[in-house]
Protein chains: 2
Amino acid sequence: VPHQSVLETYLHTHIPISKALGVSVVKAHLDQVILSASFLANINHKKTVFGGSLQSVATLACWSLIYVNLKQRAMPYEIVITRSTIDYMQPVISDFQAVAERPSEDMWCTFLRCLERRQKGRIELGATIEQNDQLAVRYTGTFAALS
Amino acid sequence: VPHQSVLETYLHTHIPISKALGVSVVKAHLDQVILSASFLANINHKKTVFGGSLQSVATLACWSLIYVNLKQRAMPYEIVITRSTIDYMQPVISDFQAVAERPSEDMWCTFLRCLERRQKGRIELGATIEQNDQLAVRYTGTFAALS
């Protein structure tokens, strides 16, 4: 498992907009990735966080979760996002965190098994952003891994 | 109708991440807004455009379409995004443009009528991003206007 600072350096180097978004890695475990991002870098005309930035940070959190998990595999692979949906439920008005969770063991194992056997797997991941302990953003992304 | 450079200045000033995304305004008409964005600012580890950036620029294009249309109204108003879905169909590997179109006259008039009568209206807008004349991204956003 890459240490969180290794993941952070990877993101800032290879997906440079992550640096402009003010993303830093709070947690990079196999079952959960938490990214934080800056309010001021993502402020909009209403002094809330721009919706596109919320989607970007949620996407990075889910992508990172797969990255952290697949990094240990010997075989090279590629992760592609194919679709995402985001519900904006409350405005975000401060620095924020996107939390991506590994889905149920069943879904995760199916994904890995498909990747082993057919060199491709597809999985739906969720991420959330809270504001004062209330759900502010609910994100779902569909990711395909190819090896 | 604000000239495209007025819209561009507005975006860069009030939604500063738009500047980091390398957004510029190509067209700002009542029936169509076209924003362009930089490849290099949004590159990822696969040398394609990061999916979060594609969503951000599509969101800005749709938001700008409503902004351009509502700017003429006397009454103050607010535009809020409540939901969006994006399909990533082809990788984007160059500078790109997001095109937002005003929906059918029927839908648009219903939106404006609701906004007049009930001080709120809701509308679903679409944006597309093409790559070599092929559809690369299909975006749909639901926006609420309040006045």
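Strand S3 (residues 78-88) of chain A is joined by 5 bridges to S3(B), and the two strands run antiparallel. Strands count as paired if DSSP finds at least two bridges between them. Within this pairing, Asp87(A) has Arg83(B) in S3(B) as its bridge partner. Helices (H or I, at least four residues) and strands (E, at least two) are DSSP runs, numbered from the N terminus.

The model is predicted: local features need pLDDT of at least 70, side-chain atom pairs count only at pLDDT 80 or more, and totals for chains, interfaces and linings use all residues. Residues are numbered from 1 along each chain as its sequence is written, chains are lettered from A and ligands numbered from 1 in the order in which they are written, and side-chain values use heavy atoms, with hydrogens and water left out.

A rotation of 180° with 0.0 Å of shift along its axis places chain B on chain A, with an RMSD of 0.0 Å. The two copies are therefore related as by a two-fold rotation axis. Superposition is by least squares on the C-alpha atoms of residues with pLDDT of at least 70 in both copies. Thr85(B) is the residue of chain B that comes closest to the axis, at 2.1 Å (C-alpha).

In chain B, 34 residues are in contact with 34 residues of chain A (heavy atoms within 4.5 Å). Of the interface residues of chain B, 100% are also interface residues in chain A, so the copies meet through the same surface. The chains bury about 2,700 Å² between them, 59% of it on carbon and sulfur atoms. Buried area is the accessible area (1.4 Å probe) lost by two parts on being put together, summed over both.

Between chain B and chain A, 16 residue pairs are in polar contact, both residues at pLDDT 80 or more. A polar contact is a pair of N or O atoms within 3.5 Å; within protein, one must be able to donate a hydrogen and the other to accept it, and residues adjacent in sequence count only if both atoms are side-chain atoms. S3(B) gives the most to the side of chain B that touches chain A, with 11 residues.
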